Amino acid sequence: MKILVLAEINNGELAEDQTSKAVSAAATLGKVDVLCASNQCSVASTNIAKMENVENVLVLEDEFFAQSLAESYSETLLDIINSYSHVFAPSSSFGKNVLPRIGGMLDVMVISDVSKVISEDTFERPVYAGNAIQTVQSVDKVKLISVRTSNYSAVPSTGSANIKKIDCKSNNSLTTFIENKMQTSDRPELTSAKVVVSGGRGVGSKENFEIIEGLADKLGAAVGASRAAVDSGFAPNDWQVGQTGKVVAPDLYVAVGISGAIQHLAGMKDSKVIVAINKDEEAPIFQVADFGLVDDLFKAVPEIEKKI
Amino acid sequence: MKILVPVKRVLDYNVKARVKADGSGIDLANVKMSMNPFDEIALEEAIRIKEKGNAEEIIAVSIGVQQNQETLRTALAMGADRAILVVATDDVHNDIEPLTVANILAAIALKEGPSLILCGKQAIDNDFNATAQMLSAKLKWSQATFASEIDVKKDIVRVTREVDGGLQTIEAKIPAVVSVDLRLNEPRYASLPNIMKAKRKPLEEISPADLGVEITQRLKVIKTKEPDSREAGLILENIDQLVEKIQENVGG
């Protein structure tokens, strides 16, 4: 068994939480190597080398990998990846984009969104928006696994792995990067935040969403939104929590004006403590919440913010 | 140019999936089945590209049981020009894996020569999010996933992708495989006259063997279970109690 983890690095910046949790899932099978391919690797590789259970950090520094385009990544790295029996990546937009393409090239089925590694060939993964959990056994020679990172904790930074530079030929004549439009924010990142405050359709407008953001900032929390709120234009799409958005599992999840549709619950029901505020006492969110308050959010949220 | 759109028949979006008591899977007997919502968005986009004069023909493909015919009739009623049904199993519970689906679609693509294949980013049953990427790898075509905006130009397609943290725009050489995300468009409903017209549109039925593709299963499903459920908690009486609970759990 030889295990590789694909580090997620966006334009030189390591997605540390996601990568560390993918390492954590992979390390249930043994020591791992981590592939660090980007345009700038020095900071990223140093941080990866500290992750517990990492043996080698393979560094491939080239401008060509700045945006991790699927073709650049998979075509170029195929030989390296092919020498491992297990390849893990976080189930982020990076992992979901790249890993199945590698699968297509190797004629190997990808095992997406793994929530539990049971053995070297057996895994658990949610299906039907988390309404069922399937145990699957892979017969492929290489196991390609994307990790549902909310099910794992980051590994401690107590390791000291070897950093090895590697080379390979660049190749991508198919796609060209044009631009990124990233949301910039001082708030913690949604998928790794300890506290998340989310708003739903009940918030009513983009302007009103400031109430949610105010409470979030007071708590040092990330801001989330239900699909209904995103579809109505109250919140940007990368705030969406749910089966088709981000899956989160913070210590505290505060759901405000969210009814609790099944696809939303799939994205947050693994949170440690769930608090719900909704004026409709019949709202399904109260069936999963540890603490509920039946009240008008426009009255309750500002008052909570003041009292904390 | 031609556009190929694969459409999957899945348990309807509004129906709750029930795990079979023997743990063998989800019960799909006598439940409402519909077109995978992401595939509907892909088909809608293909129709809009054609309406703008940038495509001549839309071919819808479905892989699965005989009853997938209904899904293809819906696709034809929405605006696809013709349909191909690949009958790959006679049991609705037998989900064809994305890798096999990609092999079948690649064989069809080589025969039909589309410039663009528009896929839903994932099926809402198995949630793999893999077919488009695998298909694009099999064909060695360019890949653009999670599209929230698609602009077809002469030799390239410009795609804005929904990625963690924001949006990324790339240009992909045609032929390309594009997978679509939720916010790309809102699919239309088929009108009654179009539903009637769809009955006369061509629907070809073939088998995987006709395409030289073998159905394999690389992931054996050992068991399917209900997720751990949470119990409903406490309804608090006032804001002060809630503030207390929030403070107890922040940084805890």
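Modeller: On a 1 Å grid over the protein atoms alone, a cavity is a set of points where a 1.4 Å probe fits but cannot get out, whereas a pocket is an open set with protein on both sides within 12 Å along at least five of seven lines, and lining residues are those with an atom within 4 Å of a point. Grid points are joined across faces, edges and corners, and a volume is the space filled by probe spheres set on the points. This is a predicted model, in which local features need pLDDT of at least 70 and side-chain atom pairs count only at pLDDT 80 or more, while totals for chains, interfaces and linings use all residues. Residues are numbered from 1 along each chain as its sequence is written, and chains are lettered from A in the order in which they are written.

Colleague: How many cavities of 30 Å³ or more does the structure hold, and what lines the largest cavity?

Modeller: There are 2 cavities of 30 Å³ or more, and the largest cavity contains about 480 Å³ of space. Its lining comprises 31 residues, with Ser91(A), Lys96(A), Gly245(A), Lys246(A) and Asp164(B) nearest the centre. Taking helices (H or I, at least four residues) and strands (E, at least two) as DSSP runs numbered from the N terminus, at least two lining residues each come from helix H4 (93-106) and strand E7 (110-114) of chain A and from strand E8 (156-163) of chain B. If Ala, Val, Leu, Ile, Met, Phe, Trp, Tyr, Cys and Pro count as nonpolar, Asp, Glu, Lys and Arg as charged, and the others, Gly among them, as polar, then the lining of the largest cavity divides into 5 nonpolar, 15 polar and 11 charged residues.

Colleague: Which element gives the largest share of the lining of the second largest cavity?

Modeller: H4(A) does, with 4 residues. The volume of the second largest cavity is about 40 Å³, and its lining includes Gly95(A), Lys96(A), Phe128(B) and Asn129(B). By class, that lining has 4 nonpolar, 4 polar and 1 charged residues.

Colleague: Turning to the open spaces, what is the volume of the largest pocket, and which residues lie nearest its centre?

Modeller: The volume of the largest pocket is about 1400 Å³, and among its 45 lining residues Asp12(B), Tyr13(B), Met35(B), Pro37(B) and Glu40(B) lie nearest the centre. H2(B) contributes the most to this lining, namely 6 residues, and the classes are 21 nonpolar, 10 polar and 14 charged. The second largest pocket has about 1100 Å³, with 36 lining residues, of which Asn10(A), Met182(A), Glu189(A), Asp164(B) and Gly165(B) are nearest its centre.

Colleague: Which residues of helix H2 of chain A are buried, and which are exposed?

Modeller: Buried means under 20% relative accessible area, exposed over 50%, and partly exposed in between, with a 1.4 Å probe and protein chains only. In H2(A), residues 42-49, the buried ones are Ala44(A), Ser45(A), Ile48(A) and Ala49(A). They lie on the same side of H2(A) because they cover an arc of only 130 degrees around the axis, the arc being that of the directions from the helix axis to the C-beta atoms. Ser42(A) and Val43(A), on the other side of H2(A), are exposed.

Colleague: Why does Glu97(B) count as buried?

Modeller: Glu97(B) counts as buried because its relative accessibility is 6%. Glu97(B) sits in the loop between strand E5 (82-87) and helix H3 (98-112) of chain B.

Conventions:
Heavy atoms only, no water.
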